[in-house]
Amino acid sequence: MGTYRMCGCFIRKFKIIEAAPPPDVIAAFEKYAEGGPQMTAEQLHRFLVDVQGQGGAKVSDAEEILLQVLQKRHHMAKFRKHALILDDFHHYLFSADLNPPIDNKVHHDMTAPLSHYFIYTGHNSYLTGNQLSSDCSDVPIIKALKRGVRVVELDLWPNSTKDDVDVLHGRTLTAPVELIKCLKSIKEHAFSASEYPVVITLEDHLTPKLQAKVAQVLDSLYSSLSFNLLFMLENGITFG
């Protein structure tokens, strides 16, 4: 009589466990649910107005949010009471779709000195790829400015004939781009995303003659503008 081997394969599905609501979320839920186990549309509306600062929100807006949360989290939402439990409320607060971050409107005090702020800063802003062998271009600079970047870095080096200025990552294989091309693109796109100051950092590896040439280019290109530009050099700061 022969012998046999049997192999059984089992598949076990694990349910993804969400993080538990933090104490401040629990406190907010208890306050606006008035101590109850569920939050109604009217109670959610009060939360939107009092905490979220949505003064123009209506009860109908809260009802729509409530319905979206229930449909997203519960397959049988139409059979459930139209109210949020604590986990539903927690999910809503941290949902990028249902409760996205505040919009792009500035709500801070913008009258303080520049050093009082965190600034969206670029580094080697002209590189299209890695820092060793990629091409240099004004395209990444334009993209950065359109995203709201406020600091653009340009590394200045003499060109191959030593009579003009290129932008590149020095002592690497990166292919250069002309400085004037970068400066013109900055001029055109500097304030497409924001009215606030743009800082151009110039890492200077030039001869005195080429430094003077860059100064003339900056003066002729930007002197007629009322834009708020700040040029930062290795050995000091000059305003344009």
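Reply: Let's start with a word we'll need: a contact means heavy atoms within 4.5 Å. Keep in mind that this is a predicted model. In that sense of contact, the buried residues of H2 pack against H1, H3 and H4. Those buried residues are Ala 41, Gln 43, Leu 44, His 45, Phe 47 and Leu 48.

Me: What does the secondary structure of the protein chain come to?

Reply: There are 7 helices and 6 strands. Reading from the N terminus, the order is α-α-α-α-α-β-β-β-α-β-α-β-β. Buried residues make up 36% of the 240 residues in the chain. Also, of the contacts with a separation of 6 or more, 60% are between residues 24 or more positions apart.

Me: Why is H2 called roughly perpendicular to H3?

Reply: Check the angle. H2 (residues 41-50) and H3 (residues 59-73) pack at about 110°, with their axes 8 Å apart. Angles from 65 to 115 degrees count as roughly perpendicular, so H2 gets that label relative to H3.

Me: Which residues of H2 and H3 make the contact?

Reply: On the H2 side they are Ala 41, Glu 42, Leu 44, His 45 and Leu 48, and on the H3 side Val 59, Ala 62, Glu 63, Ile 65 and Leu 66. Sorted by class, the contact has 7 nonpolar, 1 polar and 2 charged residues.

Me: What makes Phe 29 and Phe 89 a tilted aromatic pair?

Reply: Two values decide that one. The ring centres of Phe 29 and Phe 89 are 5.8 Å apart, with 50° between the planes. Rings pair if their centres lie within 6.5 Å, and planes under 30 degrees apart count as stacked, over 60 as edge-to-face and the rest as tilted. With 5.8 Å and 50°, the pair is tilted. The pair links distant parts of the chain, as Phe 29 is in H1 (residues 23-32) and Phe 89 is in H4 (residues 86-93), 60 residues apart. Both Phe 29 and Phe 89 are buried.

Me: Then why is the pair of Tyr 32 and Phe 47 called edge-to-face?

Reply: Run the check again. Tyr 32 and Phe 47 are 5.6 Å centre to centre, with 80° between the planes. Tyr 32 and Phe 47 are both buried. Phe 29, Tyr 32, Phe 47 and Phe 89 form one aromatic cluster, and a search of the whole structure finds 3 aromatic pairs.

Me: How do you know that Cys 136 and Cys 182 are too far apart for a bond?

Reply: A disulfide needs two cysteine sulfur atoms within 2.5 Å. The sulfur of Cys 136 is 8.1 Å from its closest cysteine sulfur, the one in Cys 182, so that is too far for a bond. Starting from Cys 182, the closest cysteine sulfur is in Cys 136, again 8.1 Å away. A search of the whole structure finds 0 disulfides.

Me: And are those two cysteines buried or exposed?

Reply: Buried means under 20% relative accessible area. Cys 136 has 7%, so it counts as buried. Cys 182, at 0%, is buried too.

Me: Why is Leu 127 called buried?

Reply: The relative accessible area of Leu 127 is 11%, and the cut-off for buried is under 20%, so Leu 127 is buried. Leu 127 is in the loop between H4 and H5. Leaving out residues up to four places away in sequence, Leu 127 touches Ser 134, Asp 135, Cys 136, Pro 140, His 169 and Thr 174. The C-alpha atoms of Leu 127 and Ser 137 are separated by 6.4 Å, with the two residues 10 apart along the chain.

Key:
Residues are numbered from 1 along each chain as its sequence is written. This is a predicted model: local features need pLDDT of at least 70, side-chain atom pairs count only at pLDDT 80 or more; totals for chains, interfaces and linings use all residues. Side-chain values use heavy atoms; hydrogens and water are left out. Axes are lines fitted to C-alpha atoms, for helices over the stretch in contact, and angles run from 0 to 180 degrees between N-to-C directions. Helices (H or I, at least four residues) and strands (E, at least two) are DSSP runs, numbered from the N terminus. Angles under 35 degrees count as roughly parallel, over 145 as roughly antiparallel, 65 to 115 as roughly perpendicular and the rest as oblique. Ala, Val, Leu, Ile, Met, Phe, Trp, Tyr, Cys and Pro count as nonpolar, Asp, Glu, Lys and Arg as charged, and the others, Gly among them, as polar. Buried means under 20% relative accessible area, exposed over 50%, partly exposed in between (1.4 Å probe, protein chains only). Rings of Phe, Tyr and Trp (its six-membered ring) pair if their centres lie within 6.5 Å; planes under 30 degrees apart count as stacked, over 60 as edge-to-face and the rest as tilted.
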